[in-house]
Each structure stands twice: as C-alpha cells, then as structure tokens.
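Biologist: I would like to go through a model and learn how to read its features one at a time. Please show it first.

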Amino acid sequence: MAKKKSFAARKVGIVGASVTPFKGRWVEKTFYDLAQWATRDALKDAGISPAEVDAVAYGIYNDIFERAAIPEHPLQGIIGLPNKPGIRVTNGGATGIYTIASAFAFVASGMYDTALVLGVEKATDCYDFVSRSATPEVIKTIAWSGDSFFEQKIGWTASDSYAEVILAYMDEHPGDLKPEVTAKISSVLSEHVKTNPYAQRQFDQVTPEEVLNSRYIVYPLKEMEICVYSEGAAALVLAEEETAKAIAKNTGRPVVWITGVGLSNEWSFAGKGMNHWGRIYSHHVAAQQAYEMAGITDPAKEIQVVELHDAFIQQLEISMAEMGFVPMGRADALVDDGLMLDGGPISVNPSGGLLYCGHAVGASNIMSAWAARNELIDKGKHRALVHGTGSTICQYGGVAILEHED
Amino acid sequence: MEQRKKVIPESYIPIEASRTLRMEDKDYLLMNDAMYTFYERSMGEFSQFFMALRDEKKILGCRCSACGVVRCPPMLTHCPDCAFAPTEPVEVGQTGKLLSTPPITYFATSMFLDKAPFGRGRLVLEGADTALSIMLYTTTGILTPGIMKKGTEIKIVFQDERTGQISDIFGVPTSELTPEQAQKPGLLASELNWAAVKEPDLGQATEEAKRASQGTLVELEALLKEMSASKRASKAIENWKRTIAVKTPAVEFGLIIDNGRIWLERGRPQSSDFVMATEDIRVLLDGLDYKGAITDAIVKRKLWISKNIEFVTIFKLDRLARFLAREKKEGAAKG
C-alpha cells in the first residue's frame, strides 16, 4: 500500500472544457486540426486567450497511431503556446487521467497559475491491407504494448490481457458478472449516449438481448461489451483558486474543483508476491488515495456521478467494486439492486462511456472529465469521480474527484 | 538453399499508392504508408532463457538467494522484494497448472489472424512460484470455452523449428497426451496427434426438411440482396472475394462474396475457398439476420468451417449483419 498522500498545496479548479466529435475515422482532419479545435473550444468556454494559459500537458497515447515519434511538438505552436512549457504524457489507456494529474500538479504546486489539458488521438489510419480492414491493424498497434520479450510474440492484445483479469475474478466469484447483467449495463450506456451529440454511437441503442447475441471477440468478452476505437480530441482549462474564481465570474459557469487525485501502477507479471490475480489493485489504491485527499469515507453515499473508463463492461463492474461502490464478488448489485439504473443513486457514464461515446485513447479520460463537469453543473449534482485505466492487465489506474459547490 | 522467412511477410506490405475520398462535396487524400524500424535485438540477461528453449528444450527460472522465490520467466537478476538480493538461474518443470481460466482470442491482430482461435494463459510450472504467459492450443479441433480452466494441467510443447523466442513453445492440456508424452521433457509439436480436419457427418434430410429449406433459401436470397444494396453494410465486405461452399443435409449452395456484393448460387459450387457445414441452414440465416453471431455458432459447434484461417471471413459476415441491422435502427431513431 502506498504511503499517505501529501495534500495539494493550492486549490485547483476546472474553468473550461471541450470535446470534438468522436468519430470512427476523421478523414477530413489530422490530429493537428483536432488538437487545435479542442483548444479553441476550451479557451472559448473559459473566455480566455492563449496568452492567459501558462502551460500545457498533452495526452497522446501511442506514437504509432500518430505515425510520429514526438507527436506533440508540432502542436505547441499550432495551439498558440510557443515559448511556454509543454509536457507530453503517455500512460497507455490511462493517458488521459495521468495528463489531468500532471497539469493538476503544475497548478497545485504553485509552479503555474493556469494549465491546459489537451488529449488527442488518431487511431484508425492504421490499416491491414490483408484483411482490408482497420481493426486488426489498430489492435496490432496496441499489441506492441505487451511485454516485448515474453508476450508480444504469442498474440498478446489489450482485450486478452483484460480478459485474463476478468476470468481470474470470475474464478473467484463464479456467481458475479452474470451475462444478463453485463448485457443490461451495455444497454443502459447505449441509452445514456442519446444525449451526447459528440459521441461516435449516439444513435446506436442496443437491447440486452442484442448484447447477449453479439459475437465473442475474446472469450469471455462480446463485441457489445467492448469499447470502440475512436478519433477525436478533448481539452480542459485548469486554474488556481483566485484565477478560477475570476474566470467563473466572467463566464457565469461555476468552477468545478479537483479535490482528490490518486494514481497507481501495479506489477505486470503474475504470481507469488507479484500480483493480486483476479483483482484490479491499481484501481483500489488510486481510489483510496483520491478519497483520502478529498475527505471521502463512503464513496457510494458521497459520490453521485462516475465517469468510468469502461474498456470492457466486466472490467467496469470490477472497477466499481475495487473503488468501493459495491462489494467485491457482488458487483452485479449495480444492476440487481438498481444502483446504476434510472432513478438509482449513482449515474455511471452519462457520456455513454468509451463503449458508446468512443475511445480516442489520449482524449478519452479527458472527455470523461468534460462529461462529469457538465453533469455536475447542468444537473446541479455535488460530486463526481473520473477514472482511467490502462496497460496490460489493467496495470495502471487513476482517479480524480470533481466537486461543484453550488 | 531454402528461402529464409522474412521478419515482415511480403503479403503485409502495401504498394505505394494513394486514393481520394469524397466527403460532403470535398475531396480528401488517403496515402498508403508504413512506419518501420528493423532491429538486431539484444536479449541481454534473457539470453540464457531463450537459448535454453532453442538448444536444450529446457525452461529456466531464477531463484532469489534471500527469499527463495523462483520466478519464471526469470524476473530478474536481482529480487525486487528482497532489497535486490541477487538471483540465480534454475531449471523448472515442463508441466504446470493454470493460475486462472485463460481467455480465448477469436478476433486476432493482423499478425495473428492465421493463428486464431488460440488461448493465452498464465502457467505456474512445477518448481516455479510465478506464472509464465503461454499460448494454448487443443489437439482436438477449435478451442472453445471449458476445455481449459483454472487449475487445468498443461504440458509445454516445443516447436520443431526453434529460433530462441517465446513462440518456440506453447501448451496443451496434459489430459490430451499419452502418459509417455506427458512425462517426456522437450516434447515436440510433431510428436502430437493433431486431430485431422474432418467434415462433420450431417446425416440425411427428410423430404419435409428439403421442402422447408427451399423457403429458407428464398428468405436468404432476399436478405443478401438487401445487404448488397446497402452502402453501409457492404462496407463490411469491401474488396473481399470468397466462394463458400455451404453444405446442409437438405440443400447445398455457393455463397459468393465479391467486393461489396454477396449472393447465393444454387447447387454445389465448382470450386470454393472453404466449406461451411451445418445441420440446419437456419443457423446461417439467423446469423446473417443478426439473430446470434455466426462466430458463436462455430464456438458452440452448431456450424463448422473447414479452415481456421477463414475466421476472418466469418467476422466480415458478422459485421455485415451488424452493419445492416444498425443502418435500419439508426434510420428509425433519426426518424
């Protein structure tokens, strides 16, 4: 267990946010234009100019997707921030949450008063000329992320590595993650996405039966229980307390404060003393750190909105258990007890999640923060949790707590 | 001299070309491209592990001089749990038990399309405390859920041709081996009895079933016509060309895919790329009609295909069904 986390030196709030439409493919735009678009809209939302932004943190997951080794360097000038600090973050699927945490640290430490969080990803330019489709090449590109000595050459994929953890959990809790429950959750998320005009699958509502009937991609994961690869960008404007309040006064949009941040990377190899197989310990540890910082003792009672990195529905359920919303082994309570159903106490992925809004990797968790902020302000809710996961076997975990005081 | 295999198969490499795509009255350019780097990779401290696979058909781990934990794969020269006490190489066994139920990959990356379906599990070998990631096969045909579970005993098998990499080995359930094979260190793939690909015996159809199948064929023809006409759906079979010989007890026909179009030709086709066999033609119709995936029909052994590698075509047929269903539904949602 990690040591007690030091608290932020300064209060940090979100004062602007944006996403571009997430699409299966952006033939009309390069990642330069997507990044500039998200920046433009986020600064407009905050009512500030690039001159008022002190620093930027870029979330771009995979060099091979962007087809360039330091893909962020052209962006510095394009987004109007020449001669200012820029740091690029790449942490697998958890890139977005780690980018938010990095910009948060910039501002909380007192180093800068404002910072831009900018995530962007192009993925589906990857193309397999043999099967004449993008997906096998997209997942191959991600498969360069497996261990290069022991796993890449035996067919490692992101899906099969998450499936390993899910199956290990199911070995320990055979009655949980029932197929009808995962099917219901996918269906619920497909209803949420209806109100997200930026989503890749806004009009793709599915019934639980359709989910149950969808094909296996990697056993035990079915096609409609898996997120879809997407292209797009998302951005946040962060500011320290006084600056944030001044911006909020100007825009009329209240500040959403980041009151807790937790991060954790676990071992990627399994076995004695190396891993808690069948658990996603990184999500547990990250959540505990964030709760401690935010002063949360009972997340299920104190958090109303969760924007969770749903790479896979089964993993969504385990992550909710690891973060303390439902007991381990009883994650199906999310549906069986109505916790995340309409009228239930917790709104999970009002954006539609990565399954329905889409997974534009570096931008995904930033999109989730954008959605959580909207939910807090527009629906007058108090507290939200934003979650990210990534790398092999859900190795990386990140959690941020957002609060709205009004 | 025998032609050595290239590190990138020739067939993967696109030609230098570009194309133009029209989107909302504007043209956009798409360029064939690649980002490539070649390596002469240092295997460093793992050299002994991989050379032992290649030359001696042995599996090595490492033992911590302080806590005694044996890690396989050997991670690393010093123990991260014992203030970096040094470790020493040790040989471990070639059978072990699965740490958890292994996933099965049906839809693989472009580099593994011809190897799916395959399992990848975490195997704790005898004499080791940690798990080795390993590719898993069954010798009894297509790998389906239930064959391997947590605790299933697995035997390591060595490829006959080895180059000193992790793909030199894979695992099969010990229960599929003879006692001699299970005992033998350095068991080779060529020593296994791989069940031959055999077409299933479909039995005889009744006259009534034959009559009913004619109606199903008409339904199928109508659906395929709809698919070929849908711009969205036909994207799933864009640039794809296959002739599938479909065999059922009641009826035989050819299912033809040709660059975005799909249709059936009655009677047995003169030649085909692969055979699809099922007792009930409805299984195929339901799959194409988006009532249960064709992939799952294969997984549940309701439908049989003659070539594993043609899973790629099955995936295209499942997508075709989904695209058509989605187009209809989105049309309805948008009003």
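This is a predicted model: local features need pLDDT of at least 70, side-chain atom pairs count only at pLDDT 80 or more; totals for chains, interfaces and linings use all residues.

Biologist: Which domains does the domain assignment of chain B give?

Modeller: Domain 1 of chain B covers 44-191, and domain 2 covers 207-327. Taken over C-alpha atoms, the centres of these two domains of chain B are 38 Å apart.

Biologist: How many residues of domain 1 of chain B are in contact with domain 2 of chain B?

Modeller: Eight residues of domain 1 of chain B meet eight of domain 2 of chain B. On the domain 1 side, six of the residues are nonpolar, one is polar and one is charged.

Biologist: Next, sheets. What is the general idea?

Modeller: Backbone hydrogen bonds pair the strands of a sheet, in either a parallel or an antiparallel sense. In chain B there is an open sheet of four strands, in the order β4-β3-β6-β5, with antiparallel pairing.

Biologist: Which strands of chain B stand at the edges?

Modeller: Those are β4 (70-71) and β5 (78-79) of chain B; each has a single partner strand, so one side of each lacks a neighbour in the sheet.

Biologist: Now a single residue. Is G61(B) buried or exposed?

Modeller: The cut-off for buried is 20 or more other C-beta atoms within 10 Å. G61(B) has 25 within that distance, so this residue is buried. G61(B) belongs to strand β3(B), residues 59-64. Leaving aside residues up to four places away in sequence, G61(B) touches V70(B), R71(B), C72(B), P74(B), V90(B), V92(B) and A128(B). The C-alpha atoms of G61(B) and M75(B) are separated by 8.1 Å, with the two residues 14 apart along the chain.

Biologist: And the interface between chains?

Modeller: Interface size is often quoted as the accessible area lost when the parts come together. Here I count residues: the contact takes 47 from chain A and 58 from chain B. On the chain A side, α5 (135-143), α6 (158-172) and β5 (216-219) each supply at least two residues. The largest share, seven residues, is from α6(A). By class, the chain A side has 24 nonpolar, nine polar and 14 charged residues.

Biologist: In what sense do β5(A) and β8(B) pair?

Modeller: β5(A) and β8(B), residues 104-105, pair antiparallel over two bridges. In this pairing Y219(A) stands opposite I104(B).

Note on methods: Residues are numbered from 1 along each chain as its sequence is written. Chains are lettered from A and ligands numbered from 1 in the order in which they are written. Domain bounds come from an automatic or database domain assignment. Two residues are in contact if their C-beta atoms, placed from the backbone, lie within 7 Å. Ala, Val, Leu, Ile, Met, Phe, Trp, Tyr, Cys and Pro count as nonpolar, Asp, Glu, Lys and Arg as charged, and the others, Gly among them, as polar. Two strands pair if DSSP finds at least two bridges between them. A residue is buried if 20 or more other C-beta atoms lie within 10 Å of its own, exposed if 12 or fewer, and partly exposed in between; C-beta atoms are placed from the backbone.
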